[in-house]
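Hi,

Here is the structure I promised to hand over.

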Amino acid sequence: MKSWKKWLIRKKERKVQKVLQAERVPEMGNKLIITQNGAQLCSALFVEEELTELHLTEVDLKRNKAAVGDIYVGRVKKIQRNLDAAFIEIAPHTECYYSMKQYKTPFFTKKIGKKPLCEGEELLVQVSREASGVKAPSVTTGFNLAGKYAVLTYENTTLGVSGKIELEKKQELKEWLQKFRNSSYGLILRTNAGTADRTLVEEEIRQLIGIYKRIEKTATHRPCFSRIYQEEPEYIRQIRNQNLEKLEEIIVEEDWLYEEILQYLKTGNQDVSCLRKYRKETLSLHKLYNLDQEIQKATQEKVWLKNGGYLVIQHTEALHVIDVNSGKYIKGKDAQKTYRKINEEAAKEAARQIRLRNLSGIILIDFINFSDKEEQQDLLSLLERFVKKDPIPTNVIDITKLHLVELTRKKVQRPLYECIQFGVC
């Protein structure tokens, strides 16, 4: 490349940096950026100024497509007795996987046989997981209705409280929750209920019970493939699932997004002062936060650590693998201390990358020189502390005989790399 072209490129880069510095919104802790880029919506959560979650969805204003959380009158297409599973259609030629061993009391709208489940029967099912790769979407008959403070559960009739709430407050809420006990549904109080006004929590629970009763009343009169309940769009769920105490800003650029989110916040008696409308001058919100670059980084195999080590993240059909490497880290003369420092930073970054990339299912982490029993337990405890910050259930299982750390993370949506590889549509 000619020198004058290089000079022009450097000049342009310096100009962009000046604009970024001039337009950069103030750093204010946890914030959620929601922006439209063409036919794609991008939600980016920054926790303590560090990008922690990325979600890509299709702009679907009419919302005709099935989404996680939607409830349908489905029809049993075929039963695989050897797998203890069935395939249930929620629309013509849209078959979903259903595990028969997990649920015992489906809500039937049309029962035709004496067996627990027969082909041709119609029942209520909720989309529990998106299609992933070659795997069909999954449905459950143990559906739930989620709010900001509580979740109503069908089939599971227990009363529970989030484990992230302090023990004393948790016990107090458990006792208060007893007045809602019944044999038709259960209730789980979410983390936000721990600091919310009790009146607001009770009001939401009553609303969820009302929705459940409407579903119960109308479902038997609706034809097969009817959508009985439509879950909130993804960008609203992102707000609903946040810890409201820590979320300081929601920044959007598009008018229609701003109005929908404002209405949602007002309906739930939530403080609307956290919602900000970004006024575009020279750069879009998407470019201001370099989201294209962040998405690209979040799909690369290699992730550098601040200390010079790095992670290699790879995927197979069965599991995800994270390999920890020392890389350029040469500080210190004690090799064991060096490995310990690399492993500690790698544990923190691995937890962030799992959440950022939305990895789920089985995850293996291969730490460096990971054989000392005491160090293994210390590192496991550290890793558990980091993954507990993830709103999606993530469990550190154990260490294999080959010194690989096993984790599992609940499968809900497709991982980020699949959204890009196969498109968000």
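How do α2 and α3 lie to each other: roughly parallel or oblique? First, the ground rules. This is a predicted model, with local features needing pLDDT of at least 70, side-chain atom pairs counting only at pLDDT 80 or more, and totals for chains, interfaces and linings using all residues. Residues are numbered from 1 along each chain as its sequence is written, and side-chain values use heavy atoms, with hydrogens and water left out.

**α2 and α3**

Helix α2 covers residues 167–177 and helix α3 residues 198–218. (Helices are DSSP runs of H or I, at least four residues; strands are runs of E, at least two; both are numbered from the N terminus.) Their axes are 13 Å apart, at an angle of about 45°. (Axes are lines fitted to C-alpha atoms, for helices over the stretch in contact; angles run from 0 to 180 degrees between N-to-C directions.) The two helices are therefore oblique to each other. (Under 35 degrees counts as roughly parallel, over 145 as roughly antiparallel, 65 to 115 as roughly perpendicular, the rest as oblique.) The crossing of α2 and α3 is right-handed, meaning the near helix is turned clockwise from the far one by less than a right angle.

α2 brings Lys169, Glu172, Leu173, Trp176 and Leu177 to the contact; α3 brings Arg198, Val201, Glu202 and Ile205. (Contact means heavy atoms within 4.5 Å.) By class, that contact has 5 nonpolar, no polar and 4 charged residues. (Ala, Val, Leu, Ile, Met, Phe, Trp, Tyr, Cys and Pro count as nonpolar; Asp, Glu, Lys and Arg as charged; the others, Gly among them, as polar.)

**The sheet**

Four strands form an open, mixed sheet in the order β10-β11-β13-β12. (Strands pair if DSSP finds at least two bridges between them.) β10 (144–146) and β12 (159–161) are the edges; each has a single partner strand, so one side of each has no neighbour in the sheet. β12 pairs with β13 (residues 185–189) in the parallel sense, over 3 bridges. There, Val161 stands opposite Leu189. α2 packs on this sheet, touching β12 and β13, with its direction at about 155° to that of β12. α3 lies across β10, β11 (150–154) and β13, at about 30° to β11.

**α8 and α9**

Helix α8 (residues 335–357) and helix α9 (residues 373–387) have axes that come within 8 Å and cross at roughly 25°. They are therefore roughly parallel to each other. This crossing is right-handed.

Best wishes
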